[in-house]
Amino acid sequence: MFSMRAVRTLLAALALSAAVLLLLGMAGRLPEAWVWGSVALGPVEIPLGARLGAVPLLLLLLVATVGAVVAAYSVRNLVGRPRLGRTALALAAAVLGLAAAVTAPSTLVLAAGWSLATGAVVVLVSLGGTPGAPVAARRVAGRLVLGDLALWAAVVLLGAGLGTWEVSGAAEAAQGSSVLVAATALLIVLAGVVRSALVPGHRWLLETTEAPSPVSALLHAGVVNGLGVLALLLWPLLDAAPVVRAALVVLGAATVALGTAQQRTRPDVKGRLVASTSAQMGFVAVTAGLGLPAAVLAHVVGHGLWKAGLFLGAGGAIDRMRSTPPSSAHGRAPLRPAVIGAALGVVALAAVVPGPWGPPLVEGPAALVPLGAAGLATVVALHAARA
């Protein structure tokens with residue numbers, strides 16, 4: 001039987017190693033890439049090992065941290081469940097695939113790690129233990145495989161058409177044929193749209209509610225935020241395709257609207273959290289489409305850690321809600337959310353509106369981001385005040 005405690009120990013060691021590497025990288029003591037050997041497939045030389053720039057290190061830290069916390073939580077939360085060994089193995093495979101994808105020096109290794117994580121997620125959903133888990137797993141697999149095929153097509157087009165099989169060669173490839181660059185960027189976006197549950201590929205994420213809470217938390221280590229990961233790793237290609245990025249803004253905005261509506265109407269806690277994740281991935285798509293990679297990185301890491309914690313606490317929240325007498329919930333005006341929402345709205349508007357504090361901090365298309373944040377904060381404040 002595969003030991004869940006062993007998985008927890010290995011993932012915790014991975015998280016610690018990633019933190020140490022991050023600190024060394026910030027001190028300027030790491031090279032841009034570590035390549036440990038290579039494999040020759042005909043004329044193609046595939047580098048192996050890891051690419052340890054600043055962005056891959058931050059993404060690796062996200063994967064390792066969430067993976068270690070989920071493994072530690074699962075030791076207690078999943079005890080007594082059947083097929084626990086398979087769950088532990090699938091959990092380890094998902095973390096391994098994600099870690100390989102975010103640090104891959106080769107696009108082929110990136111796609112291989114991406115597909116390994118897909119297979120592990122499908123297995124984890126199928127092991128959910130509910131009557132609907134097998135059907136949900138088949139639906140999840142059907143959607144995610146389409147995204148994987150789009151990514152593999154982008155890798156082949158990038159290598160055979162634009163002449164590079166390395167992730168670091170994306171900047172040079174972006175200077176090639178505009179048609180090929182646009183086609184490659186479109187395939188990358190399609191892979192990210194499916195993986196991040198954007199419209200119209202959003203349905204699979206709701207199926208994952210059949211899985212235990214630790215599985216839902218693990219999705220935020222680099223699975224459901226896959227669009228942001230791909231955008232960060234292959235940013236030059238997206239940056240060179242403004243039409244594709246414009247389409248990404250439209251899809252992201254539609255996903256925000258749909259996810260918010262679902263969050264307000266879902267009767268279950270996990271369903272609301274899933275709908276919220278879909279809406280947040282819409283915001284990631286909008287920021288990527290507007291050409292703001294730094295905002296994408298901050299959102300991917302921040303939301304991944306935050307929402308993983310919410311999913312891990314979902315079971316405890318349900319227990320507390322059931323044990324709280326209904327009368328005790330009345331008479332508590334949610335003043336704090338109203339005040340915080342109003343304050344965030346004012347700050348966001350101050351960033352785009354000139355006033356006594358000087359010129360606006362953000363101008364041009366980028367001003368849509370704080371304006372959208374101001375509108376969302378206003379809605380939150382009004383809802384809290386009405387409640």
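Patches are made of residues with over 30% relative accessible area and no salt bridge, where like charges are joined within 9 Å and nonpolar side chains (Val, Leu, Ile, Met, Phe, Trp, Tyr) within 5 Å; a salt bridge is a side-chain nitrogen of Lys or Arg within 4 Å of a carboxyl oxygen of Asp or Glu. The model is predicted, with local features needing pLDDT of at least 70, side-chain atom pairs counting only at pLDDT 80 or more, and totals for chains, interfaces and linings using all residues. Residues are numbered from 1 along each chain as its sequence is written, and side-chain values use heavy atoms, with hydrogens and water left out.

**View 1. A nonpolar surface patch formed by V39, L41 and L48.** The patch covers about 230 Å², with accessible areas from the Shrake-Rupley method with a 1.4 Å probe and, for residues, only the protein chains shown counting as cover. L48 belongs to strand β2, residues 44-50; helices (H or I, at least four residues) and strands (E, at least two) are DSSP runs, numbered from the N terminus. L48 counts as partly exposed because its relative accessibility is 31%, given that buried means under 20% relative accessible area, exposed over 50%, and partly exposed in between (1.4 Å probe, protein chains only).

View 2. With a relative accessibility of 31%, W152 is classed as partly exposed. Leaving aside residues up to four places away in sequence, W152 touches L108, A111, A112 and S115, a contact being heavy atoms within 4.5 Å. W152 and A112 are 40 residues apart along the chain, and 8.8 Å separates their C-alpha atoms.

**View 3. N225 in the loop between α9 and α10.** The loop joins α9 (213-218) to α10 (226-233). N225 has 1% relative accessibility and therefore counts as buried. A polar atom of the N225 side chain lies 3.0 Å from the backbone nitrogen of G222. Apart from residues up to four places away in sequence, N225 touches L62, S196, L219, H220, M281, V300 and G304.

**View 4. Residues 326-334, where the pLDDT is below 50.** For the protein chain, the average pLDDT (the predictor's confidence in each residue, from 0 to 100) is 78, and 71% of the residues score at least 70.

Conventions:
A polar contact is a pair of N or O atoms within 3.5 Å; within protein, one must be able to donate a hydrogen and the other to accept it, and residues adjacent in sequence count only if both atoms are side-chain atoms.
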